[in-house]
Amino acid sequence: MKKQLLTFLMFVFVGSLWAQNTKITGKVIDEQTTEPVMGASVSVKGTSNGSITDANGEFSLNAPKGATLVVSSIGYVATQTVAETSPMSILLKIDSRLMSEVVVVGYGTQKKANLTGSVSQLKTDELTRRQVATASNLLQGVAPGVSVWQSSGKPGADGANIRIRGLGSIFSGTGPLIMVDGVVVNNMDTVDPNAIETLTVLKDAASTSIYGTRGANGVILITTRRGGKKGVKVGYNGFVTQQVATNIPNKVSALDHMQLSNVAQQNATGNPAAFVFPQALIERYRTSPVDNIEVFDNDWVKLLLTNSGVMQNHNVTLDAGSEKASMFASVSFLNQQGLVPNNSFQRVDVRINSDVKINDKIRLNSTLFFNQGKRIEPAGSTPEFIIRQAIGIPATGPAKFEEGQYGDAGQSNRRNPLGQAEASGIFTATTPNYLAKVGLIYNPIKNLELEASYAIDQATPNTKRFQKNYDVFVPNVGTRTADFSSRYPGTNSLSESYSFTTRSTFLAQATYSLKNTNHDLKLMTGFQSEELKSRNLGASRTDFINENLPFLNLGGANRDNSGGAFESAIAGGFGRINYAFQDRYLLEVNGRYEGSSRFSQALDKQWGFFPSASAGWVFSNEKFLSGASSILQFGKLRASYGTLGNQALPENYPFAANYTSGTDYFFNGIITQGFSLTEAANQGVSWERTTQFNVGLDLTLLRGLNITADYYVKKTNDLLLRKPIPTYVGLSPAFLNLGAMENRGWELSVNYRNKIGKLKYDVTAVLADVQNKITDLPGVPNLDEGLLRSANGYALRSYFGYKAMGYFQTKEEIAAAPTHFFTPQPGDIRYEDIDNDGKINASDRTFLGNNFPRYEYSFNTNLSYGLFDLNLFFQGVAKKENYISGTGAWPFHAADFIPSLLEMHKDYWTPTNPDANFPRLLPSIGVNGTNSSFWIKDASYLRLKNVNLGVRLPEAAAKKMGIGSARLYVSGQNLWTVTKFWKGFDPEINNNNAEFYPLMKTYTIGLNIQF
């Protein structure tokens, strides 16, 4: 009876639950287009009970009346609604931030949700948070898999090196293809960051194979801003920046230089009484003040780094348009002063982008662009060499007595870096660049778009170097003045060079789209050709009587001239197929058939085919995951594989034997000028081929978390190498397609955005890993470049040398050690006997690391509260080795001037300082400067790359002042660095010695106004 009663009660309870559930039906609609949303997820909040909308946007599920339904779909803002009536009509708003975003890809655009390749895109607001002189530096740390580093802070030459997914070649180019509005450019730094709309990095084969012979090293696509359709808007962006050096080594004083010179001489001779500077002179320096006649103590770095270092940039934009026509115009002016005298850079940038709608089927667009940079440097030497002298020469040399009276700097050749910087004349490099592009877009029928464009890009760089003499004086102790001695360098000279380069680009393509409830198909095909023509000329003369008239016709001797020309061309057809089924299953196929004039037509080496295929699965649209919609808004797996090319050799015609002028022949007793073959030729040479496999995952979680992860394997075959040949052949070796290398790596990007009350925050973390190695060098044991060596199983251009084991401490230790290739003394570096044969020789050298970082990471945080906003950007690298040598690294070392040493060199080996940072002092580094691990330092670093704090003008005040918006900001660049690298040297500059232009730490104040 109890069992029957219990069973009855259970049926009543379950029946009551079923009675509470009702069938809920409805339709999900796009709020903007009023079209049904297929594949949307509809679920009961807090349960796994859910449904997926059909092709008509309709759904059906059982739910209690009054239950909260969670509705989400790709590219829409997730919404919650209460199930009170049936059928329901639910509107979804497009989420412009998420997967409805349109991404620029090769020869077109795609929805981010449908991408199957590995692509990173940045927009204007992300790029203009950092105030830099060159656009290339904006990429540092913001895109996973993109390595960016500066090697110089010199005005006009402070652009960054960019590598995508490691190094892909040995002797061919390793930089990416860069295109601005569909036109190839050699340098992205000609583009003003204020004019950039989007910057897209294509990394895998699926996204880059459509660029054929130039896609192996990745592609950077830049689109510039176009005019809007809502009247006229005027904007101003200006800033002023103070630049200072991030790192400069500290030198020893004059007194320390003399005392330590004597220590080095005693160590070298073994005579404790040996000296370079007599004790009496040392005592005079110790007890007497500096008088610039008998006693000198010049801080050369302080004397030289006297330029203001101020940088200012002003940009005005005009955005005007209607439904029929629009225009965007931008004018920028940059003035960047360097650290040394007579060193600066100016740039003017003008861009006009126009769009006209002729009718519903025809549109015209055009681009006019002018950019001119002007770099000024001292004519007597490069700023880098001037700085190296300032770091390296002793403080005991006279620098300057009066205006125009320069000392000999204590140098036997009387070369004075201060005189070179201030009075040796001016070197000017001017780089005008013009571009005009016109395009036509025609839509003859629905879903078909035809496009054609023609662009011509002309660059006319020119240089002028007029080196003057400056006067060298010597101190006169008797008169306490300085007497004229000579002029340096003794002969003035003028040289000028001009280049004229024209690149013409023609593009024609057609795109057809077809979409219904289940299928989304897009076909694109096109043809592109590029022709490059270049010629150059140069001339020089010496012995100008009047140095105020620097014109070639006024020179008196050593007249010389030169000139040359070349042409190259690329042409190819390309195509792409995109297919999506129910926005869940994605397929893309790309291909380009292309020919290059760099290779032999006779041997049919000019043409090649470069295909790729990729697929994606949007698993978040599957019905079995509908219950997870409260957590997972979007999830996609993707994979790609394809073939890429690299033809970026330094020679334009590597397949041909070239004659070189300047060879003299003796015929019939007369010396006759002629030509000779100096290089071997290989008619069968062709481009390198790279295959790349990529697998990726994209996730968007409802609470504002976006995750992108990729793993790739990039293999390059048919490497273009110069295989060594015997010297008696009399020719340098030809390029051959030999060898292979590989890059493997992974990339991770995580973004989280949310708010706490009025505080909005957006945090992005990026981490990437890449490992490179040579996998095949047939017939070549290695490629030896001295300090650097490439061999099977090791990274390209790894450091190669002896493994240091500290110092020899005693003569007894030396006697018991393996025989070295030199006669060591206590305090010399000791090397490991790798092969255990009892002697140290060349066979004991080994691979010691490389300077390409394995790990790169960054943290980017954006905060906003009311009228205030703050950006903090950290960037760093890990597992990077850097070799430091030469002036500044080695005490008393310089191949071309009388050197001194640095403060850090005071920590040298002595019997009482056995664990010093440096070996025993010697007048020259000698065997202690042998390539070894001793001079390799950990160059990992974490740097506060940028801080930007801004405040906006309140809307009411802006309206009262008649402006749209205004923002005042202060920012800093390279403000703080954590590193184990040597003090005074920047870890970002590879293979460091003292001949560098320091990177810049900057302090900026700026203003943005929109009218």
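Biologist: Thanks! Where does Ile-445 lie?
Modeller: Keep in mind that this is a predicted model. Ile-445 sits in the loop between strand S24 (425–442) and strand S25 (448–459).

Biologist: Which elements give two or more residues to the nonpolar patch?
Modeller: Those are strand S29 (493–515) and strand S32 (585–596).

Biologist: Switching to sheets: what is the order of the open sheet of four strands?
Modeller: The order is S3-S2-S5-S6, and the pairing is antiparallel. Strand S3 (50–52) and strand S6 (79–82) are the edge strands, each pairing on one side only. On average, neighbouring strands here are turned by 20° against each other, direction ignored.

Biologist: How many bridges join S2 and S3?
Modeller: Three bridges, with strand S2 (residues 41–44) running antiparallel to S3. In one of the pairs, Ser-43 has Gly-50 of S3 as its bridge partner.

Biologist: What about the open sheet of five strands, what order does that have?
Modeller: That sheet goes S10-S15-S16-S13-S14, with mixed pairing.

Biologist: Why is one side of S10 and of S14 left without a neighbour in the sheet?
Modeller: Because strand S10 (119–123) and strand S14 (183–185) stand at the edges, each with a single partner strand. The twist averages 25° from one strand to the next.

Biologist: How do S10 and S15 pair?
Modeller: S10 pairs with strand S15 (residues 196–202) in the antiparallel sense, over five bridges. Ser-120, for example, has Val-201 in S15 as its bridge partner.

How values were computed
Residues are numbered from 1 along each chain as its sequence is written. This is a predicted model: local features need pLDDT of at least 70, side-chain atom pairs count only at pLDDT 80 or more; totals for chains, interfaces and linings use all residues. Side-chain values use heavy atoms; hydrogens and water are left out. Two strands pair if DSSP finds at least two bridges between them. Axes are lines fitted to C-alpha atoms, for helices over the stretch in contact, and angles run from 0 to 180 degrees between N-to-C directions.
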